[in-house]
Amino acid sequence: MNSSQSNSFQAIAGAYKGKHPASAEELNPYRRKLFLVIDSVPEMQRALAMTLGSFGAERVEYASRGNDALAKLARYDFDVVLCDYDLGNGYDGLYLFEEARERNLLKQSCVFMIVTGERRAQRVISAAEMAPDEYLLKPFTGEELRLRLERAIRRREAFRVVDDALMRFEYMAAAEACSKQIQDKSEFALDFMRLKGNLSLKIGDWDSAKKLYVEVLRLKPLPWARLGLAKALTGLKSYDEARMLFEQVLQDNDRVMEAYDWLAKIHLANHDGAQAQLNLQQATCLSPVVVRRQKQLGEVAFANGDLATAEAACSTTLTLAKHSWHRQPALYAQLARVQLAQRDSVAAGKTLAGLRRDYKHDDAGNWVADVIDSQLQQQAGNKSKAAQLLASTAERLPQLEGKLGVEARMEYARACYSLARPDLGDEVARTLVRNHHDDEALLESLGCLFDQVGRTEAGRELIAENVQSVVNLNNAAVREAQAGHYEQAVSLFGKAYAELPDNVQVMLNTSNAIIALVYRQGWHESHVRAGHAMLGRVRTLQPSSSKFQKIMQAWNSLMEQQGRREWLV
């Protein structure tokens, strides 16, 4: 154990001596709370547990690594989390906090406190847009911990009003609860403004977010409000104004990692890949453990033709993701693609071997492995073997419905084009477009793929035609609904859903038509069952969609009116 850890252990353990839990339950705010202590040093875990016990805590869980902590957060409903900043291998407590929030593993009233022995970490933590409740510098006394905890618990108790809504992904209901607290001039009104702004950004309500952040900045020049305003402006496509704000934020504090990501997003929207890559490289140098950022750097560098940077980023992505929830076969394919572009078949072969080993008993993993192998064989001059492997993946593709992500399918399309099978490539590209016709990021990625395989014009045409075909399909059903022909509208949407089972907009429009039908014509069990299943799928796929949030509210309101709470989403 290093000296700072030793000092901390002695200080905390010393605070335990002579302390006893409060005897009266009403005077003991810790007894019923569930604590999670995350620290890689067993002595620190024990010392913190002893100190918490001296306060009256009776239920304490432990985790030594980030992945263990995430697993426990997914399993239990914690009230307080005490997390060490340095979790080893470049993984830090702030990243764990952000990942837990992103995956909706922490209720809003949960206290998350970071414990650190590094003074430089203060600057990083205080700069975060989604900052934890407190950070405590080692060494500290038991009394310091108690005072910080009591302050944080008191503040977080106010957020119980939004706990249930947020854990059910009801972001609009949570935003309304925040508005009430703000209007009532709650003691924590500014905190509720911060949460409401975050929720507005989450569901893409850029105008509301902008209005709120401008209001906050009139009250106080808070860094998180400036960052939020810049994000809202990006969403509104006011890129120049947003860029200047992000640059201002970084000028004040170069550790605001999100600002680099959003600047990259702006430069990509302006087709400046070189500047986007520079922003991402700056961010990965400062914070190298964020899988999402390393992955994007790999893609941007590949598009820029910087294969060395792309390989390094893809390799880092794979290493970081291997033992986390980000793990997926497509990451191996991304790395192998870069290695094959460098004509490094030995490295690509090693990546392929790693995939076959790690996904030995996984159908989707083996399918992706064959996609990579087909390209490896093609580069080695084994054209017959390459064609055989590709034909096998084409034959097995329908059996893997629901098991393959978008990225795995795009790697397959790329392999089809490189092996002179544009018919197979177009087929999977067409399916992707028709199921995600309104996903700008995916359509842009497909456009880049077509550019890279030398099919720019044909690809753009394919995208435009298939987007329009889905729009026409939707419009035909909408016209029936507007004319009051609800059964026909539901029927048309149902046919569209059968053809496009992953199209979120089709699922939402179908559910909306079912709401209208039940309102005007009365209860229809089979339609309600279908709509309920579709909304459940959308909640899994895109819970932050603003359209989903509105339709979910309308659906639940209707079910309450009908006295059919079993069909609430």
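**Entry 1: domains.** Domain bounds come from an automatic or database domain assignment, so I started by looking those up for this predicted model. The assignment gives domain 1 (28–167), domain 2 (170–238), domain 3 (239–467) and domain 4 (477–567).

**Entry 2: a pocket.** Next I looked up the second largest pocket, and I noted about 410 Å³ of space in it. Which domains give its lining at least three residues each? I found domain 1 (28–167) and domain 3 (239–467), the pair from my first entry. The lining has 16 residues, and N67, N89, Y91, L320 and H323 lie nearest the centre of the pocket. I also checked the helices: at least two lining residues come from each of α3 (66–75), α4 (93–102) and α16 (307–321). Sorted by class, I wrote down eight polar, six nonpolar and two charged residues for this lining.

**Entry 3: two helices.** Last, I turned to α26 (residues 504–521) and α27 (residues 525–541). Their axes come within 9 Å and cross at roughly 145 degrees. Is the crossing left-handed or right-handed? I have it down as left-handed. From α26, the residues in the contact are V504, M507, L508, T510, S511, I514, L517 and V518. They meet H527, V528, G531, M534, L535, R537, V538 and L541 of α27. Of the residues in this contact, eleven are nonpolar, four are polar and one is charged.

Note on methods:
Residues are numbered from 1 along each chain as its sequence is written. This is a predicted model: local features need pLDDT of at least 70, side-chain atom pairs count only at pLDDT 80 or more; totals for chains, interfaces and linings use all residues. Side-chain values use heavy atoms; hydrogens and water are left out. On a 1 Å grid over the protein atoms alone, a cavity is a set of points where a 1.4 Å probe fits but cannot get out, and a pocket is an open set with protein on both sides within 12 Å along at least five of seven lines; lining residues have an atom within 4 Å of a point. Grid points are joined across faces, edges and corners, and a volume is the space filled by probe spheres set on the points. Helices (H or I, at least four residues) and strands (E, at least two) are DSSP runs, numbered from the N terminus. Ala, Val, Leu, Ile, Met, Phe, Trp, Tyr, Cys and Pro count as nonpolar, Asp, Glu, Lys and Arg as charged, and the others, Gly among them, as polar. Axes are lines fitted to C-alpha atoms, for helices over the stretch in contact, and angles run from 0 to 180 degrees between N-to-C directions. A crossing is left-handed if the near helix is turned anticlockwise from the far one by less than a right angle, and right-handed if clockwise. Contact means heavy atoms within 4.5 Å.
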